Amino acid sequence: MMKYDVVVVGGGPAGLGAALSAKENGISSILIIERDRELGGILGQCIHNGFGIHIFKEELTGPEYAHKYVKKIEDKNIEYVLDTMVLDISKDKVLKVTNSKDGIFSIRAKAIILAMGCRERTRENIQIPGYRPSGILTAGAAQRYINMEGYMVGNKVAILGSGDIGLIMARRITLEGGEVIGVFEIMPYSSGLNRNIAQCLDDYNIPLYFNHTVVDIKGKNRVNSVLIGEVDENKQLIKGTEKEYECDTLLLSVGLIPENELSKKMGIEIGKTGGPVVNEKLETSVEGVFACGNVVHVHDVVDFVTEESIRAGKGAAEYLNKNKRMKKLNIKTIPKDGISYIVPEKIDSIDEDIILSMRVKDKYKNKKIVVKSNNKVIKEIKRLHMTPGEMERVTIKRGLIGENISEISVKIEGENHE
Ligand SMILES: Cc1cc2nc3c(=O)[nH]c(=O)nc-3n(C[C@H](O)[C@H](O)[C@H](O)COP(=O)(O)OP(=O)(O)OC[C@H]3O[C@@H](n4cnc5c(N)ncnc54)[C@H](O)[C@@H]3O)c2cc1C
């Protein structure tokens, strides 16, 4: 059986960053396993700019960002296999792997880093009624067809959901000569970044309709039209508001789900994000198994995926060097008023600054993020503007959290909506 100290599942930015960091922290026997034909994960299909602003202080495209990391992986002689998929992982860290050349085989690891990314929610996930003609795709599938395979997906396109991928595809389709008739969002706000609304919709006069959803899809072989209606505050259709929009394609940008079938099968505890519960070193509930990137929680900026993966790689290296968990303080992080989740969900050691990543529940203006250690306020940050589409991060300086506490809580103070 093949044996490695660290096996990384997934060669996207999370997997690449984690492998590099494990290497830089003294581990030499590392293997990255990637099911796609190249490294880089989703970045390969994201040919727009805006990547790397935090890490490289320049605006790169997705492939440029990925290339920088692939080069580092190759320069450091870190092994990787492509077109190879991990099917199963046992609790004692044996991975069942397959590819078309070698069939099914096993690899034993001393530590594992899960970096499988996320997948898109589909029509089935949101249960849109109507026929099942061609012309209904997720925005990410359309992005792959257009940017990597060279196929146009449609001429007259409606987009459901204002997540970042949908916004970016609205601009992409327009640049490719298609017409986007509108982006329809069931919520009263966008789940995408403000910069994407400005640069991808406003700049191209593409309308964005809040509190709207698709109630029917018409067309038997190909989409002919979609019926769009307005919804009330409970997301129920307001009868009589339905309007038919002629189009040949419907793109769905209705959310991402951490890709966690392997983690669940392995018995890893799954938390509020749909990803593994991790501690500050990104270690999951199974000792020696770490997770980072979109498999833990969906990030909007890839730089933060890289930053998190560096901590996961370091955590795995520390685990191997000491061959045990460090301290186990088991301090819970509790999302309170206005916060939907916090990663990490628990803190086991406080030997370094702790970065808390979180999302807010609604849009807020001129509010404060208040962090408490048990009942004592340890940090307050003023924010002019917060929205669920933009991840919030708070760094807690080492030493601010006492050892004898049971919880760190975070809330938005003076919870009023924008
Ligand atoms: C369609 C789509 C478009 C996006 N567009 C943007 C964007 O424009 N800008 C932005 O900042 N962010 C974007 N994101 C968010 C983006 O996912 C993150 O920025 C970043 O790519 C996440 O990195 P990751 O390594 O966690 O996941 P990914 O980049 O998704 O990488 C995960 C990798 O794991 C591999 N994998 C999964 N399961 C297995 C298995 N069982 N065996 C082997 N390999 C496996 C996958 O093939 C993939 O290569 C997008 C996400 C999606 C889904």
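Modeller: A pocket is an open set of points on a 1 Å grid over the protein atoms alone, where a 1.4 Å probe fits, with protein on both sides within 12 Å along at least five of seven lines. The model here is predicted: local features need pLDDT of at least 70, side-chain atom pairs count only at pLDDT 80 or more, and totals for chains, interfaces and linings use all residues. Residues are numbered from 1 along each chain as its sequence is written, and side-chain values use heavy atoms, with hydrogens and water left out.

Colleague: How much space lies in the second largest pocket?

Modeller: About 200 Å³. That volume is the space filled by probe spheres set on the grid points, which are joined across faces, edges and corners.

Colleague: What makes a residue part of the lining of the second largest pocket, and which residues are these?

Modeller: A lining residue has an atom within 4 Å of a point. The lining consists of Gly50, Ile53, His54, Leu193, Arg195, Asp300, Val301, Asp303, Phe304, Glu390, Met391 and Arg393. By class, five are nonpolar, two polar and five charged. Nonpolar covers Ala, Val, Leu, Ile, Met, Phe, Trp, Tyr, Cys and Pro; charged covers Asp, Glu, Lys and Arg; the others, Gly among them, are polar.

Colleague: How many residues surround the ligand, and which are the closest?

Modeller: 33 residues surround the ligand. The closest are Ala14, Glu34, Ile42, His48 and Asn294. To count as near, a residue needs one heavy atom within 4 Å of the molecule. The shell divides into 19 nonpolar, 11 polar and three charged residues.

Colleague: Why is Leu282 called buried?

Modeller: Its relative accessibility is 2%. Buried means under 20%, exposed over 50%, and partly exposed in between (1.4 Å probe, protein chains only). So Leu282 is buried. It lies in the loop between α7 (261-265) and β19 (289-291).

Colleague: Why is Asn330 called partly exposed?

Modeller: Its relative accessible area is 34%.

Colleague: How do you know that the bond joining Val343 and Pro344 is cis?

Modeller: Omega is about 5 degrees. Most peptide bonds are trans. Pro344 is in the loop between β21 (339-343) and β22 (346-347).

Colleague: Is Glu318 buried or exposed, and which side chain does it contact?

Modeller: Glu318 counts as buried, because its relative accessibility is 18%. It is found in helix α8. Its side chain makes a polar contact of 3.3 Å with that of Lys281.

Colleague: Why is Gly315 called buried?

Modeller: Its relative accessibility is 4%, so the label is buried. Gly315 also lies in helix α8. Gly315 and Ala18 are 297 residues apart in sequence and 9.4 Å apart in space, C-alpha to C-alpha.

Colleague: What makes Glu230 partly exposed?

Modeller: A relative accessibility of 32%, which lies in between the cut-offs. Glu230 belongs to strand β15 (residues 225-230). Its C-alpha atom is 5.8 Å from that of Thr241, 11 residues apart along the chain.

Colleague: Why is Tyr131 called partly exposed?

Modeller: At 45% relative accessibility, Tyr131 falls in the middle class. It is found in the loop between α3 (123-126) and β10 (136-138). The C-alpha atoms of Tyr131 and Lys411, 280 residues apart along the chain, are separated by 44 Å.

Methods: Helices (H or I, at least four residues) and strands (E, at least two) are DSSP runs, numbered from the N terminus. A polar contact is a pair of N or O atoms within 3.5 Å; within protein, one must be able to donate a hydrogen and the other to accept it, and residues adjacent in sequence count only if both atoms are side-chain atoms.
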